[in-house]
Every structure is written in C-alpha cells, then in structure tokens.
Amino acid sequence: MNRHLLSIDDVSAEDIVRIMDTAESFREVGTRVIKKVPALRGRTVVNLFYENSTRTRISFELAAKRLSADVINFSTGGSSVSKGESLKDTALTLQAMGADAIVIRHSSSGSPFQLTRWVRGHVLNAGDGTHEHPTQALLDLYTMRERLGRLEGLRVAIVGDVLHSRVARSLSFGLVKMGADVTLVGPATLVPPDAPHWGVQVSYDLDEVLSKLDVCYLLRVQTERQRLEYFPSVREYARLFGLNRSRVELLPEGSLIMHPGPMNRGVEIDSDVADLPQSVIEDQVTNGIAVRMALLYLLLGGRRGDGEEAGDG
Amino acid sequence: MASLELLFRGARVIDPRAGRDEVADVHVRDGVIVDIGSGLDGPSAEIVDGNGLVLTPGLVDLHTHLREPGFEQKETIETGTRAAAAGGYTAVAPMANTDPVADDASVIAEVRAAAARAGLADVFPVGAITKGLEGEVLAEIGEMAAAGVRVFSDDGRCVPTARTLRNALTYARAFDDVVIAEHCEDASLSSGQQMHEGISSSSLGLTGQPGAAEDAIVYRDIELARLTGGRLHICHLSSARSVELVRRAKADGLRISAEVTPHHLVFIDEDLRTYDTNKKVNPPFRTEADLDALREGLADGTIDAIATDHAPHAVEEKEAEFDRAPPGTIGLETALAVALTELVAPGYVTLPRALESLSSAPALILGARDHGGPIEAGRPANLVLFDPEEHWTVEPPFVSRSRNSAFIGRELRGRVRCTMLHGELTIAEGKATR
Amino acid sequence: MGSSSLMDDAEIGRAVTRIAHEILERNKGAEAVVLVGIAARGDDLARRLAAEILRIERRAVPVGALDITFYRDDIGIRAEAPEVHETRIDFDVNDRVVVLVDDVLFTGRTIRAALDALVDFGRPTAIQLAVLVDRGHRELPIRADFVGKNVPTRKDEDVRVALREVDGRDAVLVQDAVTSHLGERA
C-alpha cells in the first residue's frame, strides 16, 4: 500500500479488497467486551481538523484508540490551530512531536498533498475541500459489500450536489475501480460536465433510474449553496430529487439506501425513509470505525519509515 | 567588470530587424555599436570570445511586476532589474499595480528614479488605465503620456465595463504611440477560480475558470478597438479561441497586438495535479489544444511577443493551501532558456522568430526605440550574448528576491553569458557586475 | 529445496487422538474445557481435537478460532503490516479451561500474543497449550502441556505443517535454511 491515503488513486483494487478484509477483523474486535488491541501501541496519531466535524473526528479517534495508539486532537476552536499559524508551521510542530500519522480535514482542496511535503509521518485525508474523502468511500464500499455480497456490477446512483461533494468523487472513483456501474443524478448545474470522464453515467431524472438500482446513495444538499443560484429553491430540489416514500417504492427489493451524514431530513431524504430497514445509514457509522482501524493498521503496521524523507507528495 | 570598449568576436549574430543570422564580430564603444562585420579589429577593446554563442539584441519584457513601491518584500526595482539582466533583458515594462498605483506622473517618476539608481535595465513604467485600478474613472493618461509612458494597463484586473474601456481607447488616440493593454477576464465567470475549468479541475476539486472568461472579454475588447479605432494590446493569452479572435482581428486590419508568457507555452491544467502552488497562475494553464494554439499563434505572428508576466510572491504566501496562495510565477531569469528548450528545440518556433518575440517585437509595441535592434553602427549597444547549449536545472535561490518559479526542477538549456546595457556589461561571464 | 517429512498422515492422526485423550485425562473429562485454535491451521487442529473428544467422550466441546495478528510484537518491523485472519470465539471463556491449540511451537512469541488476546476476552480458570510439533528454540518462558511430537531442529530450518483442510494433505515438513520473511510463525 502507498505511504499515504490522500485520494482513492492511492489504493488499487487489490488494496481495497485487503482493506475491506482487514476491516472485517476489526469489526469483530468491536463486538468484544474489550474493544482494544495492542497493534499500534506506542504510535502517535494526530487528528488535524480544520473543519468542524465531530463525527469523523470521533470515528478516527476511536479507531486509533482501539488500536492502542496515542491520540492528539488539533481542531479549530481549540487553542492549537490558532488563527494565523500557517499549515506549514503547524505541520512542522506536529513533526517535532513525532506524529506517526496525521489525519487531516481541511477546507482547501489539496492540503493533504501539501502536508506530505512537510511531515515524515503517514498522511490520511479525512476530507479536503471539494476534492476527496477516501475513508468515507472505503467504508461505503465495505458496507455495500457486506450487505450485498459483491461490488462488481452493482448499480449505484449517487444523488445530489455532486459538483461540491468530495464524497461523491471518492465514491465514484472507488466504485468504478471495483467494477460497479455508477450513475450521477442531480440538477444539471450540480453535476460536473466532465463527469463522464470518470467512467460514470449522468442523469438529471431520479425517477428514471430508481427501478434499476442496487444502491441509492444520497448526498447532503448544502442549503447554503442555494444562494449561489445553482437551483431555485430547497422545495424544488426536494420535489425533483428528494427520496420520499413513493420513490422508495420504485426501488427494487433488497436495494440499499445510503447517506454519508449528516442528513437534511425532509430535503434529500424524508424522515421516515431514513429509518427504513433498507437504509443502512447506521451501519455506515459502525463500519466507519472498523475501516479506519484497518487503514491505520495497514499504513502504520509496516516498517516504520525512519529513514524516509518528507517530500513524498 | 564593465568596460567602455568591447569586441564580441565570432558569435552567431541573430538580428531580427536587420534580417541577419550569421557569424560576425560586433564592436562596441562608449555605449554605442561602432561596427559589425567579419574580421573586425579593436586593439584597445576587451575581446569577448563568442565562439559557439549567440549575440542578439537585449531582450525586452513588455509585462513584468517589479512590486515597488509598496510590495518590496516580494521584489524591488533593484532586485527585479538585476533578475532581468540575469535573464538577458535590457528593458522591462513594470505594471502599474503597485502601492500606490502608478496612475499619475509622480509614481512614474519615482519608479524611473529607482531604476536609474540601480542602473541594471531600462525601465518603461506602465501607467494605469483607471485611477487606483478601480475601473471607474480614467487615470491621468495625458500627464503620464507626456512623461513618456506608452503602455497603459490595469493589469491584475480587467476593465470591468465596456463603456470605460471604450473611453480609454478613444481618449488615448490623442497621444502618439500609446497603447491600451488589457488583462482580459470576466470576473463574474472567473470568481473563486483556482485553475482552468475542465476535466482536471473537476477531479482535483478546485473551482475553475472557463476559457470563456477570457474569450468573452477578448471579443468585447476587439470590438471596442474596432469601434474606436484605438490601439489595443492583449496581455497573456491563454486560450485557443482568443488566439483565433486576435488572428481575425489582425486580418481585419485592426491595430491589435498580443503577448503570451513562457509558462503558458509549456504547462497545461493537468500539471496542477500535485497542487504545486507555483503553477497557480492567472490566467490559468488550460488544455493541450490551447497550448498547441498558443504555440502556433506565436510561430505565425498572431501573437507578437513573449512577455514574462514576472510575478514575484513571498515564500510564505506561496507555501500555503492552494486556494490561499496568490497566483503568479517569476520568469525573468528563465524566459530565454524556456524559449530555447521548449519552443525552438522541439521545432515549434524557429530561433530567429523566438528571439524576435523576445526582443524586437516587444520593443516595437513598447516604443522602446533603443532596444530590439537593429545591430548596426550608431545604434545604442543593448545586447545579450548567450550559450544556446548550456544545460542547467532550475533551482532556488534566484537573483529575484522571490522563489516562486513554475519551472523549479525542470532541466533547461540556454544560459546568458553577457548582458550589455548601453555599452556597459550588467552581466559578465554569467554573473552580475553590480 | 531439500525437504523431509517429520510426520506422515497416519502419525498425525495418532498424535491427535493421543492428545485428545491426554486433555480428557488431565482435566478429568471435557466438562469445563473449551478449545481455541490459533489461526491459521491451529483452528483446524482444534476442530479435529473436538471431533476426537466427541468420538471418545460423546461430548461436544466448544471450538473457537483466534487471530493473534493484532497482538504480535513485530508490528512495525516487517515491510508490510502482517496479514490478518479471522477471530471467532462465540462462547464465554470466563471460568473455563481454555486449551490453546497451535500447529508448531517455536520461539513462543505466538503463544505470548495469544495469551494477551485471550485475556482480553475474559478470565479463564486455566489456559493449557496443545501443539502438534514442538521444535525447540524458545525465546520466552513458554511450554506446551500436550505435544504431538518433539522434533529437534536447527534454528534456520523451516518447519511447516500441511493439513488436509487447507493444503489437501496431512504432513509435517522441514526445509533447509529457507530465508523466508513472510508468514514466519514463531
């Protein structure tokens, strides 16, 4: 496996299978009374979160702690990531602290790449701007495989604001890599015109694709973006693209409803739909910890890069 | 050391204005070319062996940013002109987006004075089109023209309304040889942009600026030039459509000229996949098809000149998250080598045409009569002698105060040996004389 | 590679039967006993022992599989993170006698890891160790309670157990001086 996990590009199809198989074992650990193994004892994992995201940060924190690693949290709002301190200076500080791995979430696309130029440890991208969110994609792939038994040939629709979604990018790239059949669905202004280059199909009509899906993956609609005139109103969005009860009837039996969270109940997904059994949104959260444990284990479980120079980016 | 009498012996002299390309000797004395021919004698002259080297009129940069007054942490007139000399330039035109903005004769005078003190290159300050570059009220164009300014530009910004640009073009007609140079960018289409909008920006998760943001304004400005009969220069072209628009405008007999940067002749949007902020520029690198059109445009003369758009930024500004880094790359020290390596060697452009686009063509647009050749007796000795074969790798530190070069790590060939400004060497044996 | 057979399938079968008897003898029956095999191959052996005990004593003994990868002491030393296997212990280990089962006992490090893992599952009354082959060269103070065969080996030799369930046949093989970095079981 690559030294860092910056984007789905960093993992091959074989790597993805290995990550999912390893995550399986970590899920079992999560069922034990003592949910901890000593595998990464003595290692230090830093959570560098410039964007507020309690759920992802906690997921990574639990993952690292269950591997017996030491965890340091640098997040905005705390004094650590102070205003004005450059990313580079923060990176050098973390380097000096001996961080073995840095999990970074940042609003600027590409920041994880830049981080690799300044630190020697492993860098994991927990979401950078509108670029990628590879660990989310991997836990989603894991959830799909676990529930449906396979990834190849799965028919998946990713619905919503694809243009601004890092989850949509990572997931599309990951699914295509594993041989799934992906369709992006949303208003024409929110689906990137170059998307077909990703190996996916595009549709502006959700009702047309629903009956042929194994997975309906809903993206969170940023209602703030609405101000940027991408679509007329939240009402219109919900009417055309919201997954409501009648649309759920169109989905084939056994198909899954997924969402990376947090949900806008009543916008992209109706409240009662979110709580249906075919909605595996809770599983995604549980699996998130196991997959992140697998990633930390696979990245840090190999020989420590003592002689390795910063600058692998 | 500077010398008052010099004889360049045996170099290949390429003089685009005189149409000369042959081995010859050039004799210089008291700032002026005394003779050019073969087997020249100069008993009291210092001999410079030009065997295997090329001698050509000193390069002229139509578009550069010297950052003084106001942004001296990035560059000063002294460090900038020293970088220019190192790159073989004898004349540069610094843009007006300083602080204060060069929108009246006093700032122009200040810039000229600083340049004269440094004495490293002739500086032709560009005046602003509008006061404070705000895009609303015309700047003191007449006063600046009287002070010798020939090029006016709000570069950094685009004149926002057609009405204002129309007025500028019309008003400028009253003054001889004055040209309005436009940075063509529709701000409403380009807002938030980090790179070219296309397949790459889509996968890199960066907001892009479509080619149309430039094309639409190039079209607008050409139509205004047509309407007013004014003289228009288009800065840093980046798209194929723009090149085509300029070509047609020239065919229609309009007084249009255009420039392209060395970096836009090398890179495309895909090159940003490592999020290297030194490759973040405005206008952005576009696609392979755009790159081809720019090369062709330069070769066939649609694009008159190569201009560096040398844009220094402090290290801490560029070593930041991609979307926070200011756009721009330095280029004075690498322009010649880039032209030789990436245009001439692969055969896109001939050597004489490349040198013309670096010296005589920009000199003409700028109205810099002492520069750009021809190399003949009586003319001021503004020359550059370079080794077209010497290989080197672009690495910091640079002569420029800043180090944000898009070419870091790239292997180039072509190195300046001597730069001569009015008969005095600013660069001798590849090193600065002062 | 010169390889010779230390035990053939008949000998393995007899060893398994004998160990099953010894476990029953030592623990006075199978009542409090559970078997936990160390993946991989230890769990197959554990299942065979359970089958023997069922045959002898007519009693079904719970069998689990334990993967000790996350407890290894060489994480961060090898080129890649060690490969992970399945852990499945569906029963309570508290107040039971856990018989750990492994194919080869060598340096003792695997067993040390298994003890740490097991202790995270609960508090057994006792932990005993059954191995098919003890090849010596202990690096930790670990010893087996039940041994199929004691085989003196050189440290640089490679001892491998093949089992019908996984490898299609039963055999214990030793190979000369194979420098293997991967799958090296302690």
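Q: Before we start, how are the residues and chains labelled, and which residues count?
A: Residues are numbered from 1 along each chain as its sequence is written, while chains are lettered from A and ligands numbered from 1 in the order in which they are written. As the model is predicted, local features need pLDDT of at least 70 and side-chain atom pairs count only at pLDDT 80 or more, but totals for chains, interfaces and linings use all residues.

Q: What does pLDDT tell me about chain C?
A: pLDDT is the predictor's confidence in each residue, from 0 to 100. Chain C has a mean pLDDT of 90, with 94% of its residues at 70 or more. Over residues 179–186 of chain C, however, pLDDT stays under 50.

Q: How many helices and strands are there in chain B?
A: Helices (H or I, at least four residues) and strands (E, at least two) are DSSP runs, numbered from the N terminus. Chain B has 13 helices and 19 strands.

Q: Which residues of α2(B) are buried?
A: Count the other C-beta atoms, placed from the backbone, within 10 Å of a residue's own: 20 or more means buried, 12 or fewer exposed, and in between partly exposed. In α2(B), the buried ones are B:Ala105, B:Val107, B:Ile108, B:Val111 and B:Ala115. Seen down the helix axis, they fall within an arc of 160° (using the directions from the axis to the C-beta atoms), so they line one face of α2(B).

Q: Why can a helix have a face like that?
A: An α-helix has 3.6 residues a turn, so residues three or four places apart point the same way. On the face of α2(B) turned away from its buried side sit the exposed B:Ala113, B:Ala116 and B:Arg117.

Q: What do the buried residues of α2(B) pack against?
A: Two residues are in contact if their C-beta atoms, placed from the backbone, lie within 7 Å. In chain B, the partners are α1 (77–86), β7 (89–94), β8 (122–123) and α3 (141–146).

Q: How many residues does each chain bring to the contact between A and B?
A: Chain B brings 16 residues and chain A brings 20. On the chain B side, helix α6 (residues 199–204) gives the most, with four residues.
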